[in-house]
Amino acid sequence: MINDKNSQKIVDIIRNYARKHSLWILAYGTGCGAIELPPTMTSRYDAERLGVRGAATPRQADLLLITGYLTTKSLKRVIRVYEQMQDPKYVIGFGSCTINGGMYWDSYNTIKALDRYLPVDVYINGCMPRPEAVLSGFAKLQELIQDGKANGAKEYKENLKWYRDNQKKVITNWKMPEYNW
Ligand code: SF4
């Protein structure tokens, strides 16, 4: 017999299946790793067959890709872009620079750990990650979405104060509208 609980479960499975196969990406390509995106998206590796494709604006995007090092100056724009995206939304940190600063670990003007500022759902290791690694990162995110475990956006809302405090330590001229859910 199908009760309310079971029918909700079925709806979740179908919804997550649809979400994982329609990942529209907004690529923030300031880092050198961005050069691996064209081969990933075009005919050789063809990420679109997995339902991954580009989006024109934050409002249309589901997935924010930070492709490499992020400067303290760019961080403000990236936060603004992320907060303009609609739920459900996900973040992938792409390349070693997003994980621990990579080869810019002692640079004065890059951030060292993206997940202190934005909720990263999946990291893709490497400097720079080849398209195979990028596809594997997309597949990992899809797996998390299907299992209902890609909850970065929820975690961001729940811990907004912690994120804001970290963000404001880096961004000294904070003049942005507050995120309005
Ligand atoms: S991880 Fe390597 S390839 Fe990617 S932005 Fe950093 S230095 Fe460049």
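Modeller: Angles between elements run from 0 to 180 degrees and are taken between N-to-C directions, along axes fitted to C-alpha atoms. Please note also that this is a predicted model.

Biologist: How many helices and strands does the protein have?

Modeller: From the N terminus on, the elements run α-β-α-β-β-α-β-α-β-α-α-α. The secondary structure therefore comes to seven helices and five strands.

Biologist: In what order do the strands of the open sheet lie?

Modeller: The sheet has five strands, and their pairing is parallel. Their order in the sheet is 2-1-3-4-5.

Biologist: Which strands stand at the edges, and why is one side of each without a neighbour?

Modeller: An edge strand has a single partner strand, so one side is left without a neighbour in the sheet. The strands in this position are strand 2 (52–54) and strand 5 (122–124).

Biologist: At what angle does helix 5 run to strand 5?

Modeller: Helix 5, residues 131–146, lies across strand 1 (23–28), strand 2, strand 4 and strand 5. Its angle to strand 5 is about 170 degrees.

Biologist: What radius of gyration does the protein have, and why does it agree with a compact globule?

Modeller: With 181 residues, a compact globule would have a radius of gyration near 16 Å, and the value for the protein agrees with this. The protein has 17 Å.

Terms used:
Residues numbered from 1 in each chain as written. Predicted model: local features only at pLDDT ≥ 70, side-chain atom pairs only at ≥ 80, totals over all residues. Pairing = 2+ DSSP bridges. Helix = DSSP H or I, 4+ residues; strand = E, 2+ residues; numbered from the N terminus. Contact = placed C-beta atoms within 7 Å. Rg over C-alpha atoms; globule rule 2.2 N^0.38 Å.
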